[in-house]
Amino acid sequence: MLGLIADLRGRYCVTSNRESGLGRYDVLLEPVDANHDDGIILEFKVQEPTETSLQHTVQSALDQIIDRKYAADLIAKGIRQDRIRIYGFAFRGKEVWIDGDFIWKYVKNPCALTDEDAGKMI
């Protein structure tokens, strides 16, 4: 994973385990040119015994990104929510499941992520 992300130097400012919103994201890729590239938030999870499938674990990762408002830093820097992508990665041994899309497709309360109300997320 690090090798793939390292190849994005110059296009993205890559940060890891920094506070944003109500917690710490795993990886955040802030575009150098927000008019050309999307902001990206990655959350990695190992499947818990209580989770029934890797898909459930991925959903937990995506929910964490939304619930803890990890997009707050990107929105505060002027990156529109229609230019923010979120991805959850779920692991069980050597198996992996990845899912994600634009953040607005996952938001339970769309008003919480309006560009004008970004301050509410911080």
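Author: Start with the word "patch". A nonpolar patch is made of residues with over 30% relative accessible area and no salt bridge, their nonpolar side chains joined within 5 Å. Val-46, Phe-91, Val-96 and Ile-98 form such a patch on the surface. Together they have about 340 Å² of accessible area. Keep in mind that this is a predicted model.

Reader: What is the overall layout of the protein chain, read along the sequence?

Author: The pattern is α-β-β-β-β-β-α-α-β-β. That gives 3 helices and 7 strands. Buried residues make up 40% of the 122 residues.

Reader: Why is Asp-37 called buried?

Author: Buried means under 20% relative accessible area. Asp-37 has 6% relative accessibility, so it counts as buried. Asp-37 is found in the loop between β4 (27–31) and β5 (39–46).

Reader: What makes the link between Asp-37 and Arg-11 a polar contact?

Author: The cut-off for the N or O atoms is 3.5 Å. The side chains of Asp-37 and Arg-11 are joined at 2.6 Å. That value is within the cut-off, so the pair counts as a polar contact. Leaving aside neighbours within four places in sequence, Asp-37 is also in contact with Tyr-12, Pro-31 and Arg-83.

Reader: Is Asp-38 buried or exposed?

Author: Buried. Its relative accessible area is 11%, and the limit is under 20%. Asp-38 is found in the loop between β4 and β5. A polar contact of 2.8 Å joins the side chains of Asp-38 and Arg-85. Asp-38, Arg-83 and Arg-85 are linked in a network of salt bridges.

Reader: How many salt bridges are there by this rule?

Author: The count comes to 7.

Reader: What makes Asp-82 and Arg-80 a salt bridge?

Author: The side-chain nitrogen of Lys or Arg must be within 4 Å of a carboxyl oxygen of Asp or Glu. In Asp-82 and Arg-80, the closest N and O atoms are 2.9 Å apart. The pair therefore meets the rule. Asp-82 is partly exposed at 35% relative accessibility, and Arg-80 is partly exposed at 39%.

Reader: How do you know that Lys-105 forms a salt bridge with Asp-101?

Author: By the 4 Å cut-off again. The closest N and O atoms of Lys-105 and Asp-101 are 3.2 Å apart, so the pair qualifies. Glu-95 and Arg-92 also meet in a salt bridge, at 3.0 Å from N to O.

Reader: How many aromatic pairs does a search of the whole structure find?

Author: It finds 3 aromatic pairs. One of them joins Tyr-25 and Tyr-70.

Reader: Why is the pair of Tyr-25 and Tyr-70 called edge-to-face?

Author: Two values decide. Ring centres must lie within 6.5 Å, and planes over 60 degrees apart count as edge-to-face. For Tyr-25 and Tyr-70, the centres are 6.4 Å apart and the planes are at 75°. Tyr-25 lies in the loop between β3 and β4 and Tyr-70 in the loop between α2 and α3, so the pair ties together parts that are 45 residues apart in sequence. Tyr-25 is buried at 2% relative accessible area, and Tyr-70 is buried at 0%.

Terms used
Residues are numbered from 1 along each chain as its sequence is written. This is a predicted model: local features need pLDDT of at least 70, side-chain atom pairs count only at pLDDT 80 or more; totals for chains, interfaces and linings use all residues. Side-chain values use heavy atoms; hydrogens and water are left out. Helices (H or I, at least four residues) and strands (E, at least two) are DSSP runs, numbered from the N terminus. Buried means under 20% relative accessible area, exposed over 50%, partly exposed in between (1.4 Å probe, protein chains only). A polar contact is a pair of N or O atoms within 3.5 Å; within protein, one must be able to donate a hydrogen and the other to accept it, and residues adjacent in sequence count only if both atoms are side-chain atoms. Contact means heavy atoms within 4.5 Å. Patches are made of residues with over 30% relative accessible area and no salt bridge: like charges are joined within 9 Å, nonpolar side chains (Val, Leu, Ile, Met, Phe, Trp, Tyr) within 5 Å. Accessible areas come from the Shrake-Rupley method with a 1.4 Å probe; for residues, only the protein chains shown count as cover. Rings of Phe, Tyr and Trp (its six-membered ring) pair if their centres lie within 6.5 Å; planes under 30 degrees apart count as stacked, over 60 as edge-to-face and the rest as tilted.
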